[in-house]
Amino acid sequence: MMRICLLLLLLSLSAISQISTPSPEPQFKLSPARGVDFVLRNSPTSRKYLIETMPGGVALLDYNNDGLLDIFLVNAGHVADPLRSPVNFDRHDPSYWNRLYRQNKDGTFTDVTVQAGLQNAGDTNYGMGVAVGDYDNDGFADIYVTNFGRNILYHNNGDGTFTDVTRKAGVGAGGWSASAGFLDYDNDGHLDLFVTRYLDWTPEKSKTCGRIAEPMYCPPGEFGSATSILYHNRGDGTFEDVSAASGISAKPGHGLGVAFADYDGDGFTDIFVANDAVEQFLWHNNGNGTFTEVALNSGAALSSTGKKLSGMGVVFQDYDNDGLPDLLVTQLPHEPYIVFHNDGKGSFSAQELETGFGALSGNVSGWGVGLEDFDNDGWKDTFIVQGHVFDNVKTYDSSLSYREPPLFALNRKGHFEKGDAGSNLPVAGRGAAFGDLNNDGWVDVVTTSLGEHPKLYLNRGGKSHWLTITLRGKRSNGDGYGARVQVNGQVRFATASGSYLSSNDKRLHFGLGSADNCDVDITWPSGIHQKLRAIKADQFMTIEEPER
Amino acid sequence: MIVYAVLLVYFVLPAQIVASQGPAEAAKLLQSATDAESRGDFEQAIADFRKAVELTPSSATALLKLGGAYMRKRDYEAAIPPLKRALELSPDSLAVHQLLGYALLSQGYAVEAIPHLEIAHESGALGIAQLQADQPKEAVVNLKNALAKSPDDPDLIYYFGKAAAALSSESNERLLARFPQTARGHQVLGQNYYSAKRFSEAEREYQKAIALRPDLPGLHLELGEIYAVSSQWTQAEEQFRSEAKLQPGNAEVAYRLGDALLQGGKMKEAAEELRRSDSLRPDMPETLYALGRALAVSDPTAAEQALHRVIAVEKESPLAAQAYLLLASTHRRQGKSELAARDMEEYKRIHNVASKPEQ
């Protein structure tokens, strides 16, 4: 039988840039973050050590509870050329420090790294990502930093300072950690910690790929796999590594992104790990302290054509307002970003084409990602920071770019269409965090890019109504992570995790469109249901978990 | 492979050469050399043939056998001088022409090899030599003749493809030289840029071609493919749509349009176009798979039918595995978990077989 000749399709993707159909008004304005002088110093070398191209994370958190979001940025480090063990990334040098910027009332930022005690993340650590959660329920956001090397847990002392409690807490991990996140997997009211690890990589195991004259970073398949880590919070300031007991360490992968949601409605938070170049992992929480990896048989492991994703960033929220959390996974070019639609009854189907991502992606590389209602119309839109892994990708494929502008797409009842991010500035984008920086009811974006200052995309706003909720757990964990919050039919799953290496504003934002009031239904991790009726729109409200 | 075949021919040499006589010592040496050669002891054979040649320098037989022994040893360079001398002594010998032609060709002297291979009627080697001598038209003819005799020779198949491509390239160069500003001229340039992955230049040439001859079949299809590989599905759709108007009976064009619509998220229109493609040329597995994909969410029953047809055609191929994976998803969505589990088992079975490295 004659087959259609697909030869031409085998050629790599073209250099022709995608032509967008911009909306009349840009949703964002690329604005200077005044006072933020941070540069993500990844220190690329001629030897193309893979760690160089993977950082770094950003967190939006209110560390001093003044009602204003602050910015924490993870820096990388100096990479010697050649790099030899024992490694020294010169993190004592202030230019390689992680940085905490406190937001002032006038919208400017002040570098409070030193006064907060967050300087010098250790010479043997090359920075990657950040997770934020109040692990000791003292009402202050704590910070966990992932590294190639030893991870660090900074306890927020509540007075503007932090203390490195890694050793006491027992959460140093080791190896190459990537994204991490706090969740309460056993609903005991204490936030546990999940850490993805990327590869079994060391300077000695490093390889260089590509042509001799034009070396490039090696793909992950050149290195061994690594296991993720689950730390159980004992509730006394210490954690227990339950990776083996929970089943998490039974399946090594190439974990880069992580996101949490209770996808099957059984009351226990599940875990999705975006893996690079192997099957994606969906860890179903069995409710007894163990997890089972079910991605393949649930339909969330592969693309609809059976391909392994080069999964990097991931977000686990409900994009089509059917009440079930879906997955959006970013990846490398030649395949669109994948939407795993939650079909209910524990199964997913890849619907990247139905949702419009076939047209929006395919020739780009996505990292940090969010599903947020940027235009407050009641449908979660997406913002994805982009840029190829290889800084010399053009020499291998002229159709691809190391630096790319972000993708902003508006959700039109479950179908995404290209929007105007307000800037087409191309960057080697990596991390992205989402939150309402200026408390105007419209979600903003902070992104990181290799070798550059972070980018602040301030939402220009509009006329639609909104509601922003801060959860305060009592029987549940204080952040309310894991709660299912429904507002006028839309659902969000409370978490600061998702994206890539980054941590988002923990407040839950809802666009209400033309509705000037709303009903709120909350299912807390404790199992308590709470209903609030006729809540006035356009306000920030704090909701405390009731006794029952 | 061709050279080896020729050597087998050589060992049934024409009688007039073998029969020519030298001194008795030389005859003995020839015999011992021949014995050594048949044992595979080429060093000994060459040493004895050389001694025989020294004893009977005007013996074409000894020279031919010496050249032949060198060739069996794959020392083609050393084979050439004795064969050339043999040809001086026996200019009409087909065997000498044959071996010399091969020896010259293997050393890259294609032009010099051609007359010898012509005389020896070695159409396969002659075609290869002609290809290397930039005579693709002649090469195509001779290689085609050789393939008629040896249709399963991978070397011949390879060189025939190469010659055809070279002929096409030559034809295109002639077209470009004589008619550079025509639609065909721009089309050829566009194809060249496309092959070099210079897609924006290719796009420009196709647009020029279309401006000159918007009704020329193939232009919109090829331009659409450029947009498709860069995931510009709206533009690809536009071009495939234009091509479909020109060639409404072309199943591939309908498939391309359907796929562009599918990738662009226009599932309903995609399904219509893919159904049209299927009606024009039934049982094309890619069309059926795309149809299944387009219908997976909106019409799972029809999707299942399309996917079962893919499996019926493809059986154990990677596309069949893909079809099972999509079937599993479709069945899960309908709550048919047992069927989905069975589909997944089939997917894993075929996928595992397909992904096993060759032994």
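Me: Why is A:N459 called buried?

Reply: A residue is buried if 20 or more other C-beta atoms, placed from the backbone, lie within 10 Å of its own, exposed at 12 or fewer, and partly exposed in between. A:N459 has 23 within 10 Å, so it is buried. The model is predicted: local features need pLDDT of at least 70, side-chain atom pairs count only at pLDDT 80 or more, and totals for chains, interfaces and linings use all residues. Residues are numbered from 1 along each chain as its sequence is written, with chains lettered from A and ligands numbered from 1 in the order in which they are written.

Me: Which residues is A:N459 in contact with, leaving aside its neighbours within four places in sequence?

Reply: Contact means C-beta atoms, placed from the backbone, within 7 Å. A:Q27, A:F28, A:F374, A:W442, A:V443 and A:D444 are in contact with A:N459.

Me: What makes β26(A) and β27(A) a pair?

Reply: Pairing takes at least two bridges found by DSSP. Four bridges join these antiparallel strands. In one of them, A:A409 partners A:K418 of β27(A).

Me: How do you know that the span of α13(B) is close to the expected one?

Reply: The expected span is 1.5 Å times one less than the number of residues. For the 14 residues of α13(B), 20 Å is expected, and the helix reaches 20 Å from first C-alpha to last.

Me: Which residues of α13(B) are buried, and why are they said to share a side?

Reply: B:F199, B:A202, B:E203, B:E205, B:Y206, B:A209 and B:I210 are buried. They cover an arc of only 165° around the axis, so they lie on the same side of α13(B). That arc is taken from the directions from helix axis to C-beta atoms.

Note on methods: Helix = DSSP H or I, 4+ residues; strand = E, 2+ residues; numbered from the N terminus. Contact = placed C-beta atoms within 7 Å.
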